[in-house]
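Work through the exercises below with the model open. Try each task before reading its solution.

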Amino acid sequence: MQEKIYLYYTNDLHSNFAQWPKVAEFMKTSKEKRQRNDDSYWLFDIGDHVDRVHPIAEGLMGKGNIDLLNEIGYDAVTIGNNEGITFAHEDLFHLYDEANFQVVCANLQSLDNVLPPWLKSTIQVQTKQGVKIGVIGLTAPFNDYYELLGWHVADPYEVLEKQIKTLTGSVDIIVLMSHLGINEDEEIARRFPEIDVIIGGHTHHLLRTGEQVNQAIITAAGKHCYFAGEVILTWDHQGNKLINMEAFATDISNYPENHETKALLKNLQHAANEKLNKTIITIEEPIRIGWYENTPIMEQLVEKILRETGAECAMFNAGLLLDHFPTGEITLGDIHRICPHPINPCIVELTGAELLEVVRASLTDEFMNFELKGFGFRGKVLGKMVFAGIEVQTDYHPNGKEYVDEIYYKGEPISLDKTYQVVTADSFTFGRLLPEVAKSEKKTYILPTFIRDYLADTLREYYGE
């Protein structure tokens with residue numbers, strides 16, 4: 001006798017709630033079909049469902065995302081870095097209190113040794129014909145962030161070895177929910193022959209029909225849930241083994257929207273608006289922003305962050321502010337709309353020579369017009385870098401291009417050999433935008449305070465009564 005086993009999943013929604021009613025229709029329709037056929041099935045989410053770029057996620061501190069997963073009837077989720085490092089410790093501790101599903105993340109630990117009651121390392125489920133499935137969850141170890149928030153994420157490979165030993169002998173199939181990225185998923189498949197299925201995310205890769213690596217099938221459905229995933233396993237009861245594994249990521253762009261989910265989203269938006277409609281200040285003149293200039297509000301924000309963090313100098317890109325503040329009341333919702341990024345300040349140590357290179361790079365047209373995607377940035381272009389604590393003196397080439405002539409710190413030219421503490425957006429500590437910042441050996445992330453929290457304080461200080 002053969003038995004079909006169905007696993008449905010989503011990954012990396014990033015609070016793209018405009019797409020969620022289509023996800024709901026796909027999942028609910030799939031569930032109804034499996035129930036009609038008396039099949040065994042489960043629904044998983046692989047993390048980064050929450051992204052505080054959306055006012056529902058911001059206003060309800062992620063709890064609305066949990067309601068949406070509950071409404072469809074998910075069975076298990078793992079956490080992504082957007083759940084793990086964009087909330088204060090207490091907020092993450094209680095994020096899943098009302099979850100009707102299992103939260104599985106084997107490598108999340110608390111520095112005070114007090115774990116939330118919802119957290120599981122593994123779970124075991126069983127099909128209607130008795131096939132036992134062990135499910136493990138893992139998340140990416142961004143410990144420079146996690147440890148500042150009172151958590152630690154253990155090495156995925158060490159944890160995986162331990163959990164596989166625990167499950168071996170008691171389950172027939174092992175499924176890994178991996179918020180680690182495609183490279184790690186492939187390496188895990190090579191190292192651990194006990195794992196049968198790896199459902200992935202984090203690096204936003206799309207595998208339309210899965211990828212076979214050794215014994216395991218690897219799958220993922222991209223970003224923002226424009227695709228929904230399905231894994232179909234065939235178990236041979238006579239041979240007591242898996243005889244076939246298939247994976248599909250289905251384009252659901254043309255799916256209808258589920259009406260019940262749309263109604264829930266409308267209610268969640270109303271509840272979030274009630275939280276975000278709190279007035280911060282009232283202004284009699286609009287506050288304008290400009291992505292390619294030093295506006296007063298941007299200069300004041302950079303100065304504020306410099307003072308609050310105690311660094312020696314600061315630099316933040318003007319593209320962080322997305323729109324003007326109109327005359328009248330400014331609410332928490334306005335601040336979130338204008339600065340939606342889940343970005344924190346970070347103090348890095350740079351030599352004078354490295355600082356000079358960073359300043360030069362940041363004033364090029366290529367940098368200012370760069371349309372950054374990811375690394376926490378949710379804007380259009382990076383825009384001009386605005387400085388505090390240092391004076392950047394520029395001149396122009398005959399062809400009209402601006403260049404850095406000299407940088408002054410406390411009235412004196414910077415020393416190329418001296419080390420300076422520079423506070424900037426943590427976005428630049430990743431990737432290759434500003435290599436000198438990314439490779440700095442000493443980075444101090446300022447958590448859990450976002451740039452918009454400093455923006456709110458700046459508005460109160462400079463524009464409040």
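This is a predicted model: local features need pLDDT of at least 70, side-chain atom pairs count only at pLDDT 80 or more; totals for chains, interfaces and linings use all residues.

**Aromatic pairs**

Residues are numbered from 1 along each chain as its sequence is written, and side-chain values use heavy atoms, with hydrogens and water left out.

**Exercise 1.** Classify the pair of Phe-367 and Phe-428 by geometry.

*Solution.* 
- The centres are 5.9 Å apart and the planes stand at 40 degrees, so the pair is tilted (stacked is under 30 degrees, edge-to-face over 60, tilted the rest).
- Phe-367 sits in helix α13 (residues 365-368) and Phe-428 in the loop between β24 (419-425) and α14 (435-438), so the pair ties together parts 61 residues apart in sequence. Helices (H or I, at least four residues) and strands (E, at least two) are DSSP runs, numbered from the N terminus.

**Exercise 2.** Are Phe-367 and Phe-428 buried or exposed?

*Solution.* 
- Phe-367 has 5% relative accessibility, so it counts as buried.
- Phe-428, at 1%, is buried too.
- Buried means under 20% relative accessible area, exposed over 50%, partly exposed in between (1.4 Å probe, protein chains only).

**Exercise 3.** Now classify Phe-375 and Phe-430.

*Solution.* 
- The centres lie 6.1 Å apart, with 5 degrees between the planes: stacked.
- Phe-375 is partly exposed at 43%.
- Phe-430 is partly exposed at 24%.

Technical notes: Rings of Phe, Tyr and Trp (its six-membered ring) pair if their centres lie within 6.5 Å; planes under 30 degrees apart count as stacked, over 60 as edge-to-face and the rest as tilted.
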